[in-house]
Structures are given as structure tokens and as C-alpha cells.
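Here are a few exercises to work through with the model open in your viewer. Try each one before you read the solution.

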Amino acid sequence: MKQTAQVDGKAVLPTILKWPDPVLLKKSAPVKEVTDEIRALAEGMTSAMLAAPGIGLAAPQVGVSLRLVVVYPAGSEIEYMGIAPITLVNPVITETAGEDIGAESCLSVPGVYYDVPRPTWLKVKYTSLDGAAKELQANGRLARCVAHEVDHLDGVIFWDHLPRLKRDWLKLKFKSKRGW
Ligand code: ZN
């Protein structure tokens, strides 16, 4: 996998793909087993997320169509609790509550921001990098971040939650920023 690629003995960060790369538009496959290769993928993704800088990254964003995301929203309860970035393998959001409208952006759609509705609270089941079944309850920014990243595993970009006219306008805006 290219996430472990090295050049002159130095690890190369995975490239973050931009919309409309086809891998961003399709449903990702479950991770069958948490292997060293998967751990290396998560490590590369975490480094790329922190370097961007971003607060979350999904495997399809680095060209790997597998159900794995990393999250680390600064200013959320994760940071206050002093927890390192979290990797969620095969995450499934099992419960949600409330709705909050807040600005979002995406490393695959750089420079575009828009208000998106998300649950204020959610519960997500996932497998950790040591293969254990886990559950996380998230509020606020962390909930928004998890919902955004899990969406990527189903080929969903944040603007897909908006009415068509707004979505089309954001796509045009992004295209013009990219000089298309
Ligand atoms: Zn995104």
C-alpha cells in the first residue's frame, strides 16, 4: 500500500485526493482484519491529517476504499481529555440525538466552507487498531467530525446534506477555485 511508501529512507505522507476523484464517490469495503498494513495505513493517515492540518480523514481520501477513519478535532473533548488521535475501523453510527447547524470544510474540497446540519450527539461502534470492539459517545465538534468522516465511507461529501442549489453552487465555487 502506498501509505508505507518511502523515498530516500523517509516516510512519504499519503496524498489527500480532491473531489471528484472516483474513490471519493463510492462506498468503501469493510476492513476484514486489523493487520500491520492497516495499522500502517492509519499511521500514515494520522500524519497526513495533522500535517494538512485537518481534524479528520477517511481512508478513501487517501485512495484506499476501506472503512477506516481517523479523527482528532482540536477544541473537542478529545483534546481536553488529552487523548491522542483516534482510529475507527469499520465505524457504525448506532444512535444519534439532536441537531446542530455548523460550518464544515473538507480536506478533499479545500477552501469551501458551509453550514451543515449534524447530530449534537452520537454513539459509534468500531474496531480499534488492536482489534477490539469499542464504542465511543461523542458530542459537539467530535460528533460532527465522526459523522463527516463516516459519510466519506459511503461516498458522501458534506455538501450532499444541502439542498441541490446550494450544493451545485459550492461545486461551482470549488471548481472555479481550482481553475477549472
Ligand atoms: Zn471530508
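Donors are N, O and S atoms within 2.8 Å of the metal, and water is not among the atoms, so sites may look incomplete. Keep in mind that this is a predicted model.

**Exercise 1.** Find the protein donors of the zinc ion and work out how they are spaced in sequence.

*Solution.* 
- Step 1: pick out the donor atoms. They are SG of Cys106, NE2 of His148 and NE2 of His152, at 2.0 to 2.2 Å from the zinc ion.
- Step 2: check them against the cut-off. Donors have to sit within 2.8 Å of the metal, and the distances here run from 2.0 to 2.2 Å.
- Step 3: write down the spacing. The donor residues follow the pattern C-x41-H-x3-H.
- Step 4: His148 and His152 are both in helix 3, four residues apart, or about one turn of the helix.
- Step 5: classify them. His148 counts as buried because its relative accessibility is 6%, and His152 does so because its value is 2%.

**Exercise 2.** Which parts of the chain does the salt bridge between Glu104 and Arg118 tie together?

*Solution.* 
- Step 1: look at the contact. The side chains of Glu104 and Arg118 form a salt bridge with an N to O distance of 2.8 Å.
- Step 2: locate both ends. Glu104 belongs to strand 6 (residues 100-104) and Arg118 to strand 7 (residues 114-118), so the pair ties together parts 14 residues apart in sequence.
- Step 3: Glu104 is buried, at 4%, and Arg118 is buried with a relative accessible area of 4%.

**Exercise 3.** Follow Arg118 to Asp151, then name the network of salt bridges they belong to.

*Solution.* 
- Step 1: Asp151 and Arg118 form a salt bridge, with 2.9 Å between the closest N and O atoms.
- Step 2: this pair links distant parts of the chain, from helix 3 (residues 140-152) for Asp151 to strand 7 for Arg118, 33 residues apart.
- Step 3: Asp151 and Arg118 are both buried.
- Step 4: through shared partners, salt bridges join Asp100, Glu104, Arg118, Arg144 and Asp151 into one network.

Notes
Residues are numbered from 1 along each chain as its sequence is written. This is a predicted model: local features need pLDDT of at least 70, side-chain atom pairs count only at pLDDT 80 or more; totals for chains, interfaces and linings use all residues. Side-chain values use heavy atoms; hydrogens and water are left out. A salt bridge is a side-chain nitrogen of Lys or Arg within 4 Å of a carboxyl oxygen of Asp or Glu. Helices (H or I, at least four residues) and strands (E, at least two) are DSSP runs, numbered from the N terminus. Buried means under 20% relative accessible area, exposed over 50%, partly exposed in between (1.4 Å probe, protein chains only). Donors are N, O and S atoms within 2.8 Å of the metal (3.2 Å for Na, K and Ca); water is not among the atoms, so sites may look incomplete.
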